[in-house]
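Notebook open. I go through the loops, then a helix pair, then a pocket.

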Amino acid sequence: MKQLIFIFGLTIYISASGQQLTYKGDLVDTIKITSNLSYYHFDEKGTTTGSYYEYIIVFNNTKEKYILDLYQKTKYKITYKSHTFKKKERILKQEIEVDKIHISNLLHQFEINYIKPTFDNIGITNDDFQKLTDKKHIIQVAKWHKTDWHFKKAYSTKEQNEIIFKGCQNIDTFNLYLSTAFDTTGYVMVTDFNDHFDVKITTKQGNYRFEGKYPNSYKQPWYNLSDKYSLSSPSILNFSINSALVAMLPENFSRLGTIKFEALTNEYIEWYLNRRGIIF
């Protein structure tokens, strides 16, 4: 009920405050959301291949609306030793109106630096949690690690398996995972693999940039890479940023699955099975 009241209140606020939204008290002109997935091949040419998606929203002063200026995907290949760069671009969609409520929610979430990650705070329902941590998902994660044999009759009883399955759906255990899995003290770097989201907010007076990246669980925390911040600045731990992006972006946006709740619960299952000695 509180969430419904918040959304209703937010709708009234947007309608009453004019067409152009604000961030940090300043009018927002552009929001650019990008996702990059690439890897280094370790071959003689020094090849890197990747895919880059961009979703650019701009405020149209004539229409007084936020319009999708460009939704595009780019496949690229870089060879460092021969200094070549090849790319193939495809425009997926453009010139459509974007829901202001989704935009406003995303802007609002980036102004909240910390929400303690607990089951009650992250926005997942009990039904969704139970579905995403059920027997099927547990065996799926075990199979990714080639240890699903553990649940077969030759290695464990039905009763032993049920204890493991039910234990994974314990809220206290999930809260323990949430309390230990997210490091906000530094900036992680991986040199041969890149999997990240960027959100860039352009206002009349400034530019703001935020990054969520692998190998951080659920791509949390988000790093504030805005001009006046540095890599040593406090990061943002707020799961609602992910939910706001999922609500706004197209379903086929690259790597969207890595910021959905199922990605979080899969990583939780992996942690849980590791604690139970089933995966290593």
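I looked up P215 and found this proline in the loop between β8 (207-213) and β9 (223-224). My strands (E, at least two residues) and helices (H or I, at least four) are DSSP runs, numbered from the N terminus. This is a predicted model, in which local features need pLDDT of at least 70, side-chain atom pairs count only at pLDDT 80 or more, and totals for chains, interfaces and linings use all residues. Residues are numbered from 1 along each chain as its sequence is written, and side-chain values use heavy atoms, with hydrogens and water left out.

A cis peptide bond joins Y214 to P215, with omega about 10 degrees. I then checked P221, which also sits in the loop between β8 and β9. The bond between Q220 and P221 is cis, with omega about 5 degrees.

Another loop entry: F42. This residue lies between β2 (26-40) and β3 (47-60). F42 is not a glycine, yet its phi is positive, near 55 degrees.

Then the helix pair. I took α5 (residues 158-168) and α8 (residues 261-275): their axes come within 10 Å and cross at roughly 135 degrees. That angle makes α5 oblique to α8. Axes here are lines fitted to C-alpha atoms, for helices over the stretch in contact, and angles run from 0 to 180 degrees between N-to-C directions. I call angles under 35 degrees roughly parallel, over 145 roughly antiparallel, 65 to 115 roughly perpendicular and the rest oblique.

Which residues meet? I163, I164, G167 and C168 of α5 meet Y268, I269, Y272 and L273 of α8, contact being heavy atoms within 4.5 Å. By class, this contact has seven nonpolar residues, one polar and no charged. Ala, Val, Leu, Ile, Met, Phe, Trp, Tyr, Cys and Pro count as nonpolar, Asp, Glu, Lys and Arg as charged, and the others, Gly among them, as polar.

Last, the second largest pocket. I noted a volume of about 300 Å³. Of its 14 lining residues, Y214, R255, T258, A263 and E267 are the closest to the centre. β7 (193-203) and α8 are the elements that give two or more residues to this lining. The largest share, three residues, comes from α8. I sorted the lining by class: six nonpolar, four polar and four charged.

Pocket terms, for the record. On a 1 Å grid over the protein atoms alone, a pocket is an open set of points where a 1.4 Å probe fits, with protein on both sides within 12 Å along at least five of seven lines; lining residues have an atom within 4 Å of a point. Grid points are joined across faces, edges and corners, and the volume is the space filled by probe spheres set on them.
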